[in-house]
Amino acid sequence: MAFKRIILSFVLFSLALFVSGCAKSDYKITVNRNNTVKISQSHSIDTSFIENENIKENLDEMLSQAQIKLIQKGYKTQTFQENNFQGITASKEYARLKYVDDTELPIGFITSEKLPINLKKGALKNKYTIYMIYSKKKAKKEAKKLFNTTFEVADNNVSDAKLTIKIPSKAKENNADFVSKKEYTWDLNNDTPTTIKLVWEKYNPLSLFLMIFSIMAMIFIIVYSFATKGPENELCKRERL
């Protein structure tokens, strides 16, 4: 169910979307060469913009409760305060791509595929595709429904959200807003849904090994055949004499 998604996202997004203030949400997905995945998030609020004193006083408690729930679900968390920003970071690692299903996606993200990170194995290369859609409207709706909040959306509310995906090789196809080597970043601040698509390929180690082994074996057989052909012909000639 939707409320079982990352608790941190719900708590901080509810504050970010329904409290007068400036909020930052940074998401990062790292896909390693061995197909392990790490999802990290950092959510913070500029407390100097919060007009409601009750929310200021209860912010520590809200973050603490979110941290407890995240730890129970296997996340590593840490609260922080930097200048006027106060928030929480969380990360979770996955041993296989298939463990990252749509229920592990933060609030506002959906995918029409079976898995957000799809792997298609080939003879020599494996093809990886990440396809997701982020909707700010959906994020607001889900957060408001979950927390049953009565906060009003302020006109001067400012939010800043982005997603960064790091992969082990350069992408063959992407629609990122910013690219830095093997890191691809999307701006999630658009009112219209943001589509995230990233495609890359990686050689299949086993198939590559078998191909090299087959080539080496063929070369050995050919060289051995030529090396033994000469002496055999000489022996045949002597037997005929």
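Student: Is S91 buried or exposed?
Tutor: The relative accessibility of S91 is 17%. Buried means under 20% relative accessible area, exposed over 50%, and partly exposed in between, for a 1.4 Å probe and protein chains only. S91 therefore counts as buried.

Student: What kind of model is this, and from which number are residues counted along each chain?
Tutor: This is a predicted model, where local features need pLDDT of at least 70, side-chain atom pairs count only at pLDDT 80 or more, and totals for chains, interfaces and linings use all residues. Side-chain values use heavy atoms, with hydrogens and water left out, and along each chain, as its sequence is written, the residues are numbered from 1.

Student: Which residues does S91 touch, not counting residues up to four places away in sequence?
Tutor: S91 sits in strand β4, residues 85–94. Strands (E, at least two residues) and helices (H or I, at least four) are DSSP runs numbered from the N terminus, and contact means heavy atoms within 4.5 Å. With residues up to four places away in sequence set aside, the partners of S91 are K38, I39, S40, Y75 and K76.

Student: In which sense do β3 and β4 pair, and over how many bridges?
Tutor: Two strands pair if DSSP finds at least two bridges between them. Strand β3 covers residues 76–82, and its pairing with β4 is antiparallel, with a bridge count of seven.

Student: Which residue in the turn of the β3 and β4 hairpin has a positive phi?
Tutor: Within this pairing, T79 stands opposite I88 of β4. The hairpin has two residues between its strands. The turn residue with a positive phi, about 55°, is N83.

Student: What is the phi of N35, and where does N35 lie?
Tutor: The phi of N35 is near 70°, a positive value in a residue other than glycine. N35 counts as buried, because its relative accessible area is 19%. Its place is the loop between β1 and β2 (37–46).

Student: Is K181 buried or exposed?
Tutor: K181 is another residue with a positive phi, near 60°. It belongs to the loop between β10 (178–180) and β11 (183–187). With a relative accessible area of 72%, K181 is exposed.

Student: How many aromatic pairs are there?
Tutor: Rings of Phe, Tyr and Trp (its six-membered ring) pair if their centres lie within 6.5 Å; planes under 30 degrees apart count as stacked, over 60 as edge-to-face and the rest as tilted. By this rule, the number of aromatic pairs is three.

Student: What is the geometry of the Y27 and F109 pair, and how many residues apart in sequence are the parts it ties together?
Tutor: The ring centres of Y27 and F109 are 5.6 Å apart and the planes stand at 75°, so the pair is edge-to-face. Because Y27 lies in strand β1 and F109 in strand β5 (residues 109–110), the pair ties together parts whose separation in sequence, in residues, is 82.

Student: What is the geometry of the F109 and Y134 pair?
Tutor: F109 lies in strand β5 and Y134 in strand β7 (residues 125–134), so this pair ties together parts that are 25 residues apart in sequence. The ring centres are 4.9 Å apart with the planes at 55°, so the pair is tilted.

Student: Which residues form one aromatic cluster?
Tutor: F109 counts as buried because its relative accessibility is 2%. Y134 is likewise buried, with a relative accessible area of 2%, and Y27 is buried too. The cluster is formed by Y27, F109 and Y134.

Student: What is the volume of the second largest cavity?
Tutor: On a 1 Å grid over the protein atoms alone, a cavity is a set of points where a 1.4 Å probe fits but cannot get out. Points are joined across faces, edges and corners, and a volume is the space filled by probe spheres set on them. The structure has two cavities of 30 Å³ or more. The second largest cavity has a volume of about 60 Å³.

Student: Which strand supplies the largest share of the lining of that second largest cavity?
Tutor: Lining residues have an atom within 4 Å of a point. Here they are Y27, K28, I29, I39, L105, P106, F109, M132 and L163. The largest share, three residues (22–31 being the strand's range), comes from β1.

Student: Where is K138, and how far is its C-alpha atom from that of P193?
Tutor: K138 is in helix α3, residues 136–147. It counts as partly exposed because its relative accessibility is 21%. K138 and P193 are 55 residues apart along the chain, and their C-alpha atoms are separated by 9.0 Å.

Student: What percentage of the 241 residues of the chain count as buried?
Tutor: The secondary structure of the chain comes to four helices and twelve strands. Among contacts between residues at least 6 apart in sequence, 65% join residues at least 24 apart. Of the 241 residues, the share that counts as buried is 39%.

Technical notes. 1 Å grid on protein atoms, 1.4 Å probe; cavity = no way out; pocket = protein on both sides within 12 Å on 5 of 7 lines; lining within 4 Å.
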